[in-house]
Amino acid sequence: MGDGAGAVGPVAGGVEADLSHHGHVSLWDGRVGVWLVSENHGPSDISQATVRLAFSEPMAGGQELPPACLWSSDRVVSCRTGALRAAGGVGELALDLRAAALPDEMTVEITTAWRDGVADRNPRNDRHRVLVLSTGDPYVF
């Protein structure tokens with residue numbers, strides 16, 4: 001046995017779930033495509049969570065987003081995941097955005113901004129930082 005580093009015990013006084021975000025990001029001709037799947041690995045249900053997508057380059061103004069999303073700034077989009085059942089709840093999100101310029105690359109940060117008071121003792125799988133080159137290739141996270 002090891003020294004216990006990284007060991008996870010019960011959460012005192014609260015509900016726990018393990019929220020994760022995975023998918024891919026592509027950049028081509030000033031367009032940014034994001035495909036994201038949010039999952040709850042349990043043990044408790046999540047009634048609602050918010051995923052935050054932060055872009056290192058500003059996005060063009062006047063773009064409409066899916067109904068579950070809103071602009072927090074010209075570089076940040078926040079989206080509701082909807083309810084995610086324990087060990088099986090999945091929410092999908094697809095965005096097709098235009099950057100304000102034609103960047104050769106950009107960084108996209110994906111994080112959980114809010115999880116309705118539910119503790120997550122494994123935040124490594126719901127926080128990602130992806131460097132995307134303007135090749136049209138999908139960069140997986």
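Apart from neighbours within four places in sequence, Gln63 is in contact with Trp71, Asp96, Leu97 and Arg98. These contacts are drawn from a predicted model. The residue is placed in the loop that joins strand E3 (50–55) to strand E4 (69–73). Despite this loop position, Gln63 counts as buried, because its relative accessibility is 10% and the cut-off for burial is under 20%. One of its contact partners, Arg98, is also approached through the backbone: a polar atom of the Gln63 side chain lies 2.7 Å from the backbone nitrogen of Arg98.

Met106 belongs to strand E7, which covers residues 105–114. When residues up to four places away in sequence are not counted, Met106 touches Leu27, Val32, Phe55, Ser56, Glu57, Met59, Ala99, Val130, Leu131 and Val132.

The average pLDDT of the protein is 90, and 91% of the residues score at least 70. Residues 1–12, by contrast, have a pLDDT below 50. In the model, this stretch has nine contacts beyond near neighbours in sequence.

Note on methods. Residues are numbered from 1 along each chain as its sequence is written. This is a predicted model: local features need pLDDT of at least 70, side-chain atom pairs count only at pLDDT 80 or more; totals for chains, interfaces and linings use all residues. Side-chain values use heavy atoms; hydrogens and water are left out. Helices (H or I, at least four residues) and strands (E, at least two) are DSSP runs, numbered from the N terminus. Buried means under 20% relative accessible area, exposed over 50%, partly exposed in between (1.4 Å probe, protein chains only). A polar contact is a pair of N or O atoms within 3.5 Å; within protein, one must be able to donate a hydrogen and the other to accept it, and residues adjacent in sequence count only if both atoms are side-chain atoms. Contact means heavy atoms within 4.5 Å. pLDDT is the predictor's confidence in each residue, from 0 to 100.
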